[in-house]
Protein chains: 2
Amino acid sequence: MGVFLYSKDYINFKKKELSIKIDSLKQKQGRAPSLTVILAGDNRASLSYVRIKDKLAKEIGMKSNIVKFDKDINEKELLIKIDEINNDDAIDGVIVQLPLPEHISVNKIIDSISPDKDVDGFHPINLGKLFRGEDALYPCTPLGIINFLKYNNFSLEGKTGVIIGRSNIVGKPLFFLLLKENMTLTIAHSKTKNLKDICKNADFIFAAVGKPLMIEQDYVKKGAIVIDVGVNAINDEKLINEVFSDYPKKIERFKKRGYVLTGDVNPNVVKTAKYLTPVPGGVGPLTVITLLENTVKTFEQKHEIS
Amino acid sequence: MGVFLYSKDYINFKKKELSIKIDSLKQKQGRAPSLTVILAGDNRASLSYVRIKDKLAKEIGMKSNIVKFDKDINEKELLIKIDEINNDDAIDGVIVQLPLPEHISVNKIIDSISPDKDVDGFHPINLGKLFRGEDALYPCTPLGIINFLKYNNFSLEGKTGVIIGRSNIVGKPLFFLLLKENMTLTIAHSKTKNLKDICKNADFIFAAVGKPLMIEQDYVKKGAIVIDVGVNAINDEKLINEVFSDYPKKIERFKKRGYVLTGDVNPNVVKTAKYLTPVPGGVGPLTVITLLENTVKTFEQKHEIS
């Protein structure tokens, strides 16, 4: 029987660390690091994510600014705004909240961000540097996972890991960051056969597919460490009662809200694994804190502090 | 008992295909695609590689030009030359033969090449696009391998593959290109434990480490396809007599030259595998032909032909 590995301690540690750093940077440079978040449209989830980023940034003493556009904004207006931000010395980091309205080319927008201010780490120059194993701004969720694993003193070198999912935002960058840690990695995806057998051999499993509860207890080697990157809302009452029979609070929450959040991993995996990150309370909060860490990094690089 | 998979047929096919294409491009555009190879220093192997590229380019009707510098050339002079080439509309592709003299930063030089002319596919913008799964100029050896596998009608989707070696030039880009083909991939390296067990499960093995003969017969599943990317010169007479006891020509060659070329795979692997690419005569020639293919591609993109 393993335990759930919450990220709360790590987040508190990082918040304190960043607050102290930002205080000292303010004193040295006369201003705090500054993040701008661009939001186009009125997607409710996006608005909520943007607010979470803004709130945490301010909480640790960073300057944060949300630039909101109507969902009908055209590509050119957005590109002009990004160009303005690229040339504004008082802004250190900028991200564009995804998804963008359908008529806008995501890659065109991302590629227009100055690589030095690309704190989401999505610009091809930053991905290319990650590819070559060089220092760069790395994507926040996978970098947050690596930092969290290190904070927990897990030994990674020579260990086997399976990454399930090959997105540009999680699976692929996570692959490179874990490869830098000298893990032996397998990347699995929708076309993979015998996923169960592949997982069963792994010291670490990283599930980042977006399929609720797909990793079952019999996929996991005894004592494995399982990192659940998925966040899915489910509302199937029968399924919820079955999966969360040991977690009465979860069932209460379902009765109140009509849905619960779950990862890609069945929570009963904790019985076989050594550690399983819970959803919520595991990987989720790592992304935002790492975004702020990246913003402090760009600030330090600009002022040649390290 | 499998067979050796030579690349000669494929190379002849590609040479013919590119010759015809270049002829037609010449007629349409008034000039042939043009490649410039920069060589700094007097490394004998480099000089020989550069000549092979130049000769094959000319053979298929391409314009080819070698720019030679003294080994003492400074970084600035090299950067000025590359800038000149970047701005020269009559040059479509440029590569810098590696290794460069030690006092020169390889990445600085590579990063100065215009991504549109980077026919080696080493610029971070091209690697970043490869990362995102987009069209770009891809590194020649791995792209040549993919094209060769397709030419041989091997089915890749859902198959398991092990890549041994994680270089920026072969292992990592090969990983991405095979991932695009929907293979389930494991990447192994010097810190990997139980390499034998990992290989034993794979439908495809790609050996790209540079360790002569390290993949033995008992590493390979019956019927696997083994692609040997290594090129190593060995001169241990006892070892050569042992390994090549079934290949009298190889032993003759050793007696004449004092060394023989061998891959990372023991040739006796062919007894278990379905196919094994020989060294020489397998992967080697794929690199140069793919470089020329990339040069034609840049020419076509510039003139918006496709």
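Me: Let's start with pairing in chain B: which strand does S2(B) pair with in the parallel sense over four bridges?
Reply: Strand S2 of chain B, residues 34-40, pairs with S4(B) in that way, where two strands pair if DSSP finds at least two bridges between them. Helices (H or I, at least four residues) and strands (E, at least two) are DSSP runs, numbered from the N terminus. Within this pairing, Leu35(B) has Gly93(B) in S4(B) as its bridge partner.

Me: And what packs on that sheet, touching S2 and S3 of chain B?
Reply: Helix H2 of chain B, residues 44-59, does so, and its direction makes about 170 degrees with that of S2(B). Angles run from 0 to 180 degrees between N-to-C directions, and axes are lines fitted to C-alpha atoms, for helices over the stretch in contact. Residues are in contact if their C-beta atoms, placed from the backbone, lie within 7 Å.

Me: Before I go on, where do these numbers come from?
Reply: This is a predicted model, in which local features need pLDDT of at least 70 and side-chain atom pairs count only at pLDDT 80 or more, while totals for chains, interfaces and linings use all residues. Residues are numbered from 1 along each chain as its sequence is written, and chains are lettered from A and ligands numbered from 1 in the order in which they are written.

Me: What order do the strands of the chain A sheet have?
Reply: The open sheet of chain A has three strands in the order S3-S2-S4, with parallel pairing. Strand S3 (63-69) and strand S4 (93-96) of chain A each have a single partner strand and stand at the edges, so one side of each has no neighbour in the sheet. From one strand to the next, the twist averages 15 degrees. Seven bridges join S2(A), residues 34-40, to S3(A), and Val37(A) stands opposite Ile66(A) in S3(A).

Me: Switching to helices, at what angle do H6(A) and H11(A) pack?
Reply: Helix H6 (residues 140-151) and helix H11 (residues 284-302) of chain A pack at about 95 degrees, with their axes 8 Å apart. They are therefore roughly perpendicular, the word used for angles of 65 to 115 degrees, whereas those under 35 count as roughly parallel, those over 145 as roughly antiparallel and the rest as oblique. The residues of this contact divide into seven nonpolar, six polar and no charged. Here Ala, Val, Leu, Ile, Met, Phe, Trp, Tyr, Cys and Pro count as nonpolar, Asp, Glu, Lys and Arg as charged, and the others, Gly among them, as polar.

Me: Which residues of H6(A) and H7(A) make their contact?
Reply: Pro142(A), Leu143(A), Ile145(A) and Ile146(A) of H6(A) meet Pro173(A), Leu174(A) and Leu177(A) of H7(A). By class, that contact has seven nonpolar residues, with no polar and no charged ones.

Me: Now the two chains: how many residues of chain A are in contact with chain B?
Reply: 22 residues of chain A are in contact with 22 residues of chain B. On the side of chain A that touches chain B, H5(A) gives the largest share, six residues. That side has eight nonpolar, seven polar and seven charged residues.
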